[in-house]
Every structure is written in C-alpha cells, then in structure tokens.
Amino acid sequence: MKRGLHSIHTRLFLLFLFCMLGLLLIVSALYYKRTTDQLHQKIGEIAQKNFSQTMDLFDLLLKGYDSLTKSLNGNPDLQRLLQAPPTQDSALRMINERTITNLIGAIYYSREDTIGIHVMSNSGAVYSYGNSMSVIDPAFAESSWYRSIRESSGEMVWLGVKEHSIIDQAEKRPVFAFGRPLYDLHEHRPIGIVLIETDPKPILSGLANLSLSPRSEVYILSKAKQVMAVSAGTPKELSAADHWSDALGEGEVRVDPQAGRLIVASKPSMADWQVVSSTPDADLNVEQDQMKRFLLLVISVLVVVSTALATFVSRTISSPLKRLIQEMRQVERGNFRGLLHVKSYEEINILVASFNQMVNRMDELIERVKAVSISEKNAQLLALQSQVNPHFLYNTLDMIYWMLDEKGNERLGKVVLSLSHMFRYSSHWEGSSEVRLRDELEQIRDYLTIIETRLEGRVSVEMDVDPGWEHICLPKMTLQPVIENAVKHGLERLDRPGVLRVYAKADDRQLRLYVEDNGSGMEPHVLDRLRCSLGANAVTTGEDGSRTAVVEAGEVRRGGIGLQNVHRRLGLMFGEAYGLRIDSSPGGGTKVTISMPLPGEGRTEA
C-alpha cells in the first residue's frame, strides 16, 4: 500500500482528483452562498412590497371606518335627540327612538360590510341597528371595551377582530369592532359612544396576503401589545417573545431575520398598530432545499466525471512510464533487442524515442566492442602464429647488427636494426591496441628503410606530418598495410623512379592521413572490387566532407592484416563515418585516405 501511494499513477490520480474536487466544492459553495443571499434578498423585497401594499389597504379601510363614525358624530339631529331630556310622553319617546334608529340605519346601509351599529347615550339608552333579533348585553357598561371608549379623548378606538359580537348576544358571526366617543359639537362634552361592528374579512384577507408560507403567523398588535387580529392558522395565544417590541414609524416596513424565523413588521398610519408576520426559515428555504438537492446531484455526477477524468489523465501519463520502466528492467537483464512504441504526450514520446535510440546505440556499442575484441584477438593470434620465440629472434637480429657494425657494413646493419624494430613493434600486443600516431610513424620509417634498401633507390619517400598531430591515437598497424600495398602493387613494377608520399591534413572535425604513390594505378573494375572488400555498409568521408556509401562487401580475406581489417578497425574504433577511401586511375597512381576524428569529435561513438 505504501509503495502504491508513492507510485506516479496514484499521486497523479489523487492530485487531479483533489484539485478538481476542491475547485468543484469551492465553486458550489460560492454558488450556493450567492443564490441563498439572492433568495433571501428577494424574499425580503417581496415581503416589503406586500406589507407596503397591505398597509395602504388598511389605511384606506380604516379611513372609511373613521369617516363612518364621524358621520354619526357630526349629525345634528342625532346629537339633539341624544341630549334631549327624558320625557314621559311615550309617543314622543317612540318617535325619538325611531328617528335615531333611522339615522343609524342610513349609516348602516352606506356600507355593505357593516354588521351592527350601536349608539349608547350617557343616560344609558341604547340604539342599535343590525341584527333584527338583537339582544343587547345588559352588562355592557361593565366591559373593558366600553371603558376604553369612554376614556378616549375623542380618538378612534380599534377593538380588533372578535369571534362574535361584543354587545349583541344574538350575533355569533366574527366581527371587527371599533368605536369612539360622541361629543357635543358646541360645548365639546361627551354625550355618548358609538360602537360599530363590521365584517372582518377585509382585515383577515389583508393579513392572509402577508403570509409568506402556509405556516406563516400574521397578527395585529395593539399599542398595549395585545393581539387584535390573527390570520387563519395563527395561534390565538402568542408568547411575549413572538411580539414585535421595537418602535416603528408610520408606513415603515422592517425585516428582521431571527433564530429560525423571518420577522416582518409594519405600522399603518391610521392606527397605532403593529402588523407582524412570522415565517419559519424551513418554509422560506423550500426553493433553497430544492436547489441544494439539485446541487448535490450535480456534484455527485461531477465527482464521478472527475474521478473518471483523473483516472484517464493519470493513466495516459503513468502507463507509458510503466512500460518504459519494464523495458528498462529488460535492458538491466541484458536484453537490448526490444523497442518501445507508445503514443502519449509529446514529452513522453520524446523520452521514449530517446530511450529507444539509447538502447539501440548501446546494442551497437556492445557489438562493436565485441567485434573490436575479436579483431584484436585475431590479430594477436596471427602475430603469435608468425612468432618463433620472439625474444630469440630479437636477440639474433641485434647480434647480426653488431657483427655488421664491427665489419663496417653500416647499410646492412641499418636494415637489420629496422627489421628488429619492426618485429618488436608488430609482436607486442599486450594492453590496448591503440597507439599514438608518433609510434606508427616510427614503425613506418623502419619499414621504408628496408624498402628503400631493397629497391636500391628506385623509390623515394616524402613524409610531411605536422608534429602537432603525433599525439592522436589510432589502431595499431594502420599505416603499414596501406604502404605495403602501395609498394607491392604500385611502385615495384615501375620502370621509372617512384615516389611515395605520406602527409596529413586537418579541418575542424577530422584528421586525414594520405598515402599517395605515382605507381601504375588500378583498373576501374579492380578498384571497385577493392572498395567492395572494405566492409559491409561502410561509409567513407571525402575531402569535401561528403559521405560515400560502399556496396555490400565480400568475404574478408584470410591471412595477414590487410586493408579490410584496417578499415574495419577504424570503423569500430571511431564509428562508421571513418575509415579508408581509395582513389586510383590506370597509370595515374593511387591515393589512400585514412580519416579519423580530431580529439573530442568521434571517440564517443567508438
């Protein structure tokens, strides 16, 4: 499990998943918060608008009720009859009562919602118009509503909505009751009171209009914090905590979110009321809850999509890397033949391509090292086969040299000494097969000394190699096979003096050694066959930097270290871009170019 947590697949999966989920949760939370605030703001605006409209309706309704009571108070006939002294004349008393009743009736029929109008004089007389079976409460003078109206200084007293008439015992319908004192307009003294009861539906419908939900509680509070009216479904008894206690200005609408409820209150201008609406947050958050469920559903779907996307992205990155690791383990076991083929992101494709190139290069280098080792072993074996107790041979040649020196035969002694040096150089293969150009040139000088003596001056040698290049390394026995071929096939047959030139040229990348003779040259078909024998798929580089591919080679000739072996060893040591290049024409001599890299240019390919 610990290893799995450290794998690139698991970490990429968790990284993408947590990033996407974190971003998703942040966006969802911000969206939910923004939507909730907008919803609450919208509810507050709706509540304010409803309260403002309802307060206007209440003011209009209460103005009508106020005008109704003022029309009674301002009627001179009613005032005169209410102040008339009691009379013993029953006919006159009946006429006065009927006149007052008719005046009240006219007011009664001026509005359709009026249920009853009751006028009570200070003398105790009661005049009513409404229910034909009116039964006036004989103890009305002891009631609290009567006292509140009598104690009023002339202002309207709103008694609120009652379950039935507060004075007519026969009237069982709900009523909205209000009243005011009646004053003598001349002497400004109370002469009685008027009590009017109307249909409470306009008041209750206004309260119902303020309900924000089916469980909203809407009620009217008096100045004394008494409940005057409640909407349908609102409990009749309200605790003091539910009452709105803050002072409100006329027409002001105030919204107060409390713990678990939204309280909205306002005050009409025609009455000292507080109209309060209390709505549970659960009812207000119905749309919010629906949005929450929808948001949870969307988040769940997006979580699944994010998980799938994170899995896909992590696998597209980790799968090629896992395959690359498996292939690297195969390379660790020594299997360099496999190639990895993936199609992924550009950087991974470049990494895989570099790995394939590296494995191929390693395989080529291993094969090249094997070939170099085999070539060296073969060269050593051939050298060993040609040796017959080399120390005995060296000592014998040295002895012959000193015997010739004693007899004064300096020329022959020089030949014997050169031959001794050549045998010593060619038979010493211990350690590396690489030598410096300086050592190879010394070997060639000994060899050319013998050649010049043997040909009795028919061949002259010109050597021009900058001493600055003598530290460059090259395979041992590189120059001698080339010069041997030039002498044997090009210069020995001449009937004129021959010239052999050995010189070097360098550019920014390569050092070229030239072995050039003015011998008989080669026919084109012979040259083609020789070029073909230089090695399979070999590439030579011309003086102008162009690379010339050589056709498929024939079998390398057995016996001796020939041009084929030299070309092959140069290619194995420096790379296929380096080796021998032969140019010749019949009668025009032959030029062999040996190309090798300058220090730091080609040894990494070996």
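Predicted model: local features only at pLDDT ≥ 70, side-chain atom pairs only at ≥ 80, totals over all residues.
Two strands count as paired if DSSP finds at least two bridges between them. E5 covers residues 190-198 and is joined to strand E1 by seven bridges.

**The five-stranded sheet**
- Five strands make up an open sheet, in the order E2-E1-E5-E4-E3.
- The pairing in this sheet is antiparallel.
- Strand E2 (126-129) and strand E3 (157-162) are the edge strands, and each pairs on one side only.
- On average, neighbouring strands of the sheet are turned by 15° against each other, direction ignored.
- E1 and E5 run antiparallel.
- Strands of a sheet pair through backbone hydrogen bonds, either parallel or antiparallel.

**The cavity**
- The count comes to one cavity of 30 Å³ or more.
- The largest cavity has a volume of about 30 Å³.
- By type, the lining residues divide into one nonpolar, four polar and three charged.

**Helix H3 and its neighbours**
- Helix H3 (residues 76-83) and helix H4 (residues 90-108) have axes that come within 10 Å.
- These two axes cross at roughly 145°.
- The crossing of H3 past H4 is left-handed.
- On the H3 side, the contact is made by Asp-77, Leu-78, Leu-81 and Leu-82.
- On the H4 side, these residues meet Asn-96, Thr-99, Ile-100 and Leu-103.
- The residues of this contact divide into five nonpolar, two polar and one charged.
- H3 also lies across the sheet strands E1, E2, E4 (175-183) and E5.
- H3 runs at about 120° to E5.

- Strand E18 (residues 579-584) and strand E19 (residues 590-597) pair in the antiparallel sense over six bridges.
- Within this pair, Ile-582 stands opposite Val-592 in E19.
- E18 and E19 form a hairpin with five residues between them.
- Gly-587, in the turn of the hairpin, has a positive phi of about 80°.

Notes. Residues numbered from 1 in each chain as written. Heavy atoms only, no water. 1 Å grid on protein atoms, 1.4 Å probe; cavity = no way out; pocket = protein on both sides within 12 Å on 5 of 7 lines; lining within 4 Å. Points joined across faces, edges and corners; volume = space filled by probe spheres on them. Nonpolar A, V, L, I, M, F, W, Y, C, P; charged D, E, K, R; others polar. Helix = DSSP H or I, 4+ residues; strand = E, 2+ residues; numbered from the N terminus. Axes fitted to C-alpha atoms, helices over the stretch in contact; angles between N-to-C directions. Left-handed = near helix turned anticlockwise from the far one by under 90°. Contact = heavy atoms within 4.5 Å.
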